[in-house]
Amino acid sequence: MDNHEFKIMDCALIAIATGEKAQNLRELRDILKNVHPGSFYYHFWGGLLHPHFDDPEFQNDFAVWATRNLHDSKVAEQLSIVDPNVFKDVEDLRKEVLEIIEARLSESEHVPWVRFGQEFHFIRSQIVIFETGVIHYDPKDLIDIIPTISLGSIFFHFIDARRRTPGNKNDFSIWLAGFGDKYDGLIEDLDNIDPYFTTLNELRHDIKSAFYNYFNGGI
Amino acid sequence: MESLLEQYAHVVGNEVIDHLRQLANPLRGMKILHINSTKEGGGVAEILHRLIPLKIELGIDVEWEVISGEADFYKCTKKMHNSLQGNRDDISSALLIVYENTNHQNFERLKEKLEQADVVFIHDPQPAALLHFCKKRKGKWLWRCHIDVSHPYRPVWKYLREFIKDYDASIWSLSAFVQPLSHPQYLIPPSIDPLSQKNIELPEKEISGFLDSWGIDRDIPLITQVSRFDRFKDPLGVIESYRLVKKYVPVQLVLAGGGASDDPEGEQVLQEVKAFAGDDPDVHILELPSDAHRAINALQRGSDIIVQKSLKEGFGLTVTEGLWKGKPVIGGDTGGIRLQVINHFSGFRVNTPEGAALRIRYLLKHPEIMKTMGLNARQFVLDNYLITRQLREYLTLVVALKYGSREKIELKLPTQ
């Protein structure tokens with residue numbers, strides 16, 4: 001067996017209010033120009049770790065606010081499709097979000113306001129990452145392990161990984177690539193899991209299924 | 001006998017409990033102190049009653065102390081509470097002196113613990129001035145605000161801010177409540193305890209027994225609001241809604257409230273509610289003692305719809321309790337109710353007695369929709385608003401405080 005280890009890590013997120021809030025699209029744009037980079041992380045990815053209702057119809061907090069509070073479905077749809085993984089850093093992501101909002105503002109005859117109390121509140125986060133002490137060497141072991149690991153671990157290895165790995169990959173794929181081309185099929189299956197339109201619970205299930213199907217598919 | 005953590009694992013899963021153990025590891029050896037103003041009654045005391053034993057089981061050295069004062073102290077802090085929620089309620093200098101003196105006296109009583117603790121959680125305005133008197137503190141101090149301070153009466157907030165600004169950080173239930181302060185402002189919604197007497201599963205026989213004892217007819221739909229008798233909970237508005245519904249369908253209403261020992265206004269509001277309800281045999285006003293947890297549990301489980309028609313609300317734990325019991329909730333469009341009640345998903349948010357009446361009639365007409373909403377509601381609370389989630393966030397916060405304000409904190413396992 002190849003001697004590559006996979007350390008299961010875990011993480012917990014804590015939210016911090018930046019104190020900034022927007023009551024319309026113009027204010028949102030103005031604040032976005034300078035808001036803490038961590039705020040983009042929280043509002044794009046943190047949603048998976050903080051309370052939210054129903055399956056995420058819209059993929060980031062800006063889009064949710066635009067549709068539910070601002071009632072501007074056009075900009076909500078455009079914001080929702082922004083995939084934070086394809087940008088090399090937060091500043092590029094910031095530019096893209098600003099571009100969408102600028103375009104919407106330039107075509108609007110008036111700037112809609114939300115009701116008092118329904119403003120967009122900017123939040124950033126601190127993330128605490130810790131070792132669980134659990135280490136695996138054989139990818140096949142993960143069939144049984146994945147269902148038992150916390151949602152924090154799923155977030156860390158499948159979501160957070162995308163901002164710290166080459167090519168914005170998940171940690172499982174990076175680890176499997178260390179075995180040469182032996183697990184290329186499994187890597188492809190994992191890379192094909194869309195982290196959008198899902199919850200961490202469902203992601204855990206999808207990852208487990210990828211491992212299970214790969215190792216049991218040929219039997 | 002099972003440990004508390006093992007009991008919770010049955011509800012939330014082993015992986016959630018393992019996660020808590022891991023987070024607690026770096027906090028072993030730290031002294032954590034919680035301070036509030038009442039041991040019984042109100043959501044804060046309820047949560048602390050369970051959070052403290054859980055933290056202890058996780059190996060954390062934690063204590064809970066309660067400050068005490070005379071009637072004028074509670075009169076002052078009740079006014080503060082109302083003013084922070086937006087009432088224009090000026091507080092006399094004499095009462096403010098009582099507030100400061102009471103905090104000073106309590107500081108002297110708790111001095112050693114306050115000075116020695118590594119982390120001190122101060123809950124709500126009542127003990128907020130303790131920090132002012134603690135000149136030799138060793139640890140970090142956090143002010144935990146459980147109430148809606150989104151639009152405070154400015155003179156009272158300005159007064160309190162002078163005490164709060166010196167804390168190392170504050171914790172708020174919702175981002176909308178946050179007031180500008182120069183320290184980090186963490187967001188931690190509160191939670192309910194699924195194993196408490198108020199939320200644990202009950203045998204049907206016990207539910208029926210309670211309802212029978214209150215003279216409630218189980219063949220007629222039951223609408224219930226559980227909350228302190230407080231004008232911000234709009235009990236009179238709930239009675240108005242009930243009357244509007246009753247014109248069309250038979251219905252019963254229960255307004256159930258207990259007293260919190262730090263709420264001197266409750267009795268007056270209760271008398272107003274009784275007078276407004278008159279002698280309608282289908283309106284039941286239940287004065288329940290603060291420890292009547294199983295009775296409240298039975299009442300919520302025996303109800304068809306839970307109402308929380310607040311005009312102002314902190315988080316609204318009675319809403320969470322109702323959702324956990326699989327009931328749709330009609331809630332005021334305010335505060336934390338907005339986080340929990342989503343129209344057509346877990347209930348309806350309303351702004352008027354008329355709006356509440358309309359939604360109650362709609363739900364009573366569609367029992368299958370009520371059932372679906374109830375299932376959604378329970379799952380949502382399971383995922384987000386149980387005490388294990390709040391505990392996780394408190395632990396994360398203390399870890400964050402211990403290791404600095406970096407965006408990313410990486411902890412290594414201790415070497416054996």
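**Figure 1. Chain A of the predicted model, with its confidence and composition.** In this predicted model, chain A has a mean pLDDT of 89, and 94% of its residues reach 70 or more. Within chain A, confidence is highest in helix α1 (residues 25-34), at 97, and lowest in helix α3 (residues 61-68), at a mean of 90. Chain A contains ten helices and two strands, which follow one another along the sequence in the pattern β-α-α-α-α-α-β-α-α-α-α-α. The C-alpha trace of chain A spans about 65 × 30 × 30 Å along its principal axes. Of the 219 residues in chain A, 55% are buried. Among contacts in chain A between residues at least 6 apart in sequence, 75% join residues at least 24 apart.

**Figure 2. The nine-stranded sheet built from chains A and B.** Nine strands form an open sheet of mixed pairing, in the order β2(B)-β1(B)-β3(B)-β4(B)-β5(B)-β6(B)-β1(A)-β2(A)-β13(B). The edges are formed by β2 (61-66) and β13 (408-411) of chain B, each of which pairs on one side only. On average, neighbouring strands of this sheet are turned by 25° against each other, direction ignored. Helix α1(A) packs on the sheet, where it touches β1 (6-22) and β2 (120-136) of chain A, and its direction makes about 125° with that of β1(A). Helix α7 (residues 151-159) of chain A also packs on the sheet and touches β1 and β2 of chain A; the direction of α7(A) makes about 85° with that of β1(A).

**Figure 3. Strand β5 of chain B between its two partners.** Strand β4 (residues 140-145) of chain B pairs with β5(B) in the parallel sense over four bridges, and R144(B) stands opposite I171(B) in β5(B). Strand β5 (residues 169-172) of chain B is joined by three bridges to strand β6 (residues 185-187) of chain B, and these two strands run parallel. I171(B) stands opposite Y186(B) in β6(B). Both faces of β5(B) are covered, with A169(B) and I171(B) buried on one side and S170(B) and W172(B) buried on the other.

Figure 4. The largest nonpolar core has 84 residues, of which F155(A), F211(A), Y99(B), L114(B) and W172(B) touch the most other members. Strand β1(A) gives the most to this core, with seven residues. A second, separate core of 62 residues includes I52(B), V119(B), F315(B) and L391(B). In soluble globular proteins, nonpolar side chains tend to be buried together. In helix α2 (residues 14-24) of chain B, the buried residues are E15(B), I17(B), H19(B), L20(B), Q22(B), L23(B) and A24(B). These residues of α2(B) pack against β1, β2, α7 and α10 (200-216) of chain A, together with α1 (4-12) and α16 (387-403) of chain B.

**Figure 5. The six-stranded parallel sheet of chain B.** Six strands of chain B form an open sheet in the order β9-β8-β7-β10-β11-β12, with parallel pairing. Strands β9 (283-287) and β12 (347-350) of chain B each have a single partner strand, so one side of each is left without a neighbour in the sheet. Neighbouring strands of this sheet are turned by 20° against each other on average, direction ignored. Five bridges pair strand β7 (residues 222-226) with strand β8 (residues 252-257) of chain B in the parallel sense, and Q225(B) stands opposite L255(B) in β8(B). Helix α10 (residues 266-277) of chain B lies across β8 and β9 of chain B and runs at about 160° to β9(B). Helix α14 (residues 353-365) of chain B packs on the sheet, touching β7, β10, β11 (329-332) and β12 of chain B, and its direction makes about 165° with that of β12(B).

Figure 6. Q308(B) is found in strand β10 (residues 305-308) of chain B. Its relative accessibility is 1%, so Q308(B) counts as buried. Q308(B) and F232(B) are 76 residues apart in sequence and 10 Å apart in space, C-alpha to C-alpha. Beyond residues up to four places away in sequence, Q308(B) touches several others, among them Q225(B), K233(B), E313(B), I330(B) and I337(B). The side chains of Q308(B) and T318(B) are joined by a polar contact of 2.6 Å. T318(B) is one of the buried residues in α12(B). Helix α12 (residues 317-324) of chain B is mostly covered, with eight of its eight residues buried. Just after α12(B), G326(B) takes a positive phi of about 75°.

Methods. Residues are numbered from 1 along each chain as its sequence is written. Chains are lettered from A and ligands numbered from 1 in the order in which they are written. This is a predicted model: local features need pLDDT of at least 70, side-chain atom pairs count only at pLDDT 80 or more; totals for chains, interfaces and linings use all residues. Side-chain values use heavy atoms; hydrogens and water are left out. pLDDT is the predictor's confidence in each residue, from 0 to 100. Buried means under 20% relative accessible area, exposed over 50%, partly exposed in between (1.4 Å probe, protein chains only). Contact means heavy atoms within 4.5 Å. A polar contact is a pair of N or O atoms within 3.5 Å; within protein, one must be able to donate a hydrogen and the other to accept it, and residues adjacent in sequence count only if both atoms are side-chain atoms. Two strands pair if DSSP finds at least two bridges between them. Axes are lines fitted to C-alpha atoms, for helices over the stretch in contact, and angles run from 0 to 180 degrees between N-to-C directions. A nonpolar core is a set of buried Ala, Val, Leu, Ile, Met, Phe, Trp, Tyr and Cys residues joined through side-chain atoms within 4.5 Å.
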